[in-house]
Amino acid sequence: MPAYSDDTEINDIVSAFLSGTLPKAKWTHAAHFAVALWLLRHRPEWAELPIMRGLIRAYNEASGTANTLSSGYHETITIASMRAARAFLAHYPAETPLCIILDALMAGAPGRSDWLLGHWTRETLFGPEARSHWVEPDRAALTV
């Protein structure tokens with residue numbers, strides 16, 4: 001089943017994310033990647049880490065999630081996920097609907113919410129160090 005039926009739905013998710021009005025229940029794994037793909041295609045300058053970090057932190061605050069060393073923004077997951085989204089996007093012509101690219105991404109390893117545990121141990125990935133800045137994988141190299 002597709003995450004979103006068309007790019008209009010993705011545009012709506014992105015708009016709500018950027019305005020801080022996206023209900024927390026709709027901030028799913030697929031929504032994270034939908035936003036990443038949209039930003040990479042339509043606002044690549046916003047997909048750069050300093051701006052992306054700010055967007056995620058602002059959304060978290062708007063949705064009642066504190067950005068601390070144990071919740072909210074996670075630097076290592078953000079960087080790894082943006083690398084995966086960028087790699088997937090690069091394999092498709094520019095006119096390919098994002099909903100199709102998102103479906104392909106979700107059907108692959110990054111589509112599993114635990115995909116990063118193939119690269120990091122749980123202890124490392126969810127520790128405060130990885131949350132606050134990039135930490136290299138300690139289980140297997142990240143290939144994206």
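## Burial and Thr96

A residue is called buried when its relative accessible area is under 20%, exposed when that area is over 50%, and partly exposed in between (1.4 Å probe, protein chains only). Thr96 has a relative accessibility of 11%, so this residue counts as buried. The structure is a predicted model, in which local features need pLDDT of at least 70 and side-chain atom pairs count only at pLDDT 80 or more, while totals for chains, interfaces and linings use all residues. Residues are numbered from 1 along each chain as its sequence is written, and side-chain values use heavy atoms, with hydrogens and water left out.

Thr96 is located in the loop between helix H4 (75–90) and H5; helices are DSSP runs (H or I, at least four residues) numbered from the N terminus. When neighbours within four places in sequence are set aside, Thr96 is in contact with Arg41 and Ile101, where contact means heavy atoms within 4.5 Å.

## Aromatic pairs

The structure contains four aromatic pairs. Rings of Phe, Tyr and Trp (its six-membered ring) pair if their centres lie within 6.5 Å; planes under 30 degrees apart count as stacked, over 60 as edge-to-face and the rest as tilted. Phe17 and Trp27 are stacked, because their ring centres are 4.8 Å apart and their planes are at 15°. Since Phe17 belongs to helix H1 (residues 7–19) and Trp27 to the loop between H1 and helix H2 (29–42), the pair ties together parts that are ten residues apart in sequence. Both Phe17 and Trp27 are buried, and ring pairs link these two residues and Tyr59 into a cluster.

Trp120 and Trp134 form an edge-to-face pair, with 5.6 Å centre to centre and 85° between the planes. Trp120 is buried, with a relative accessible area of 0%.

## Arginines over rings

A charge sits over a ring if NZ of Lys or CZ of Arg is within 6 Å of the ring centre and within 35 degrees of the ring normal. Arg43 lies over the face of Trp46, at 4.8 Å from the ring centre, and Arg83 lies over the face of Trp134, at 4.5 Å.

## The nonpolar core

A nonpolar core is a set of buried Ala, Val, Leu, Ile, Met, Phe, Trp, Tyr and Cys residues joined through side-chain atoms within 4.5 Å. The largest one has 43 residues, and Tyr4, Ile10 and Trp120 have the most contacts inside it. H2 gives the most to this core, with ten residues. Beyond its neighbours within four places in sequence, Ile10 is in contact with residues including Ala34, Trp38 and Leu98.

Conventions: Helix = DSSP H or I, 4+ residues; strand = E, 2+ residues; numbered from the N terminus.
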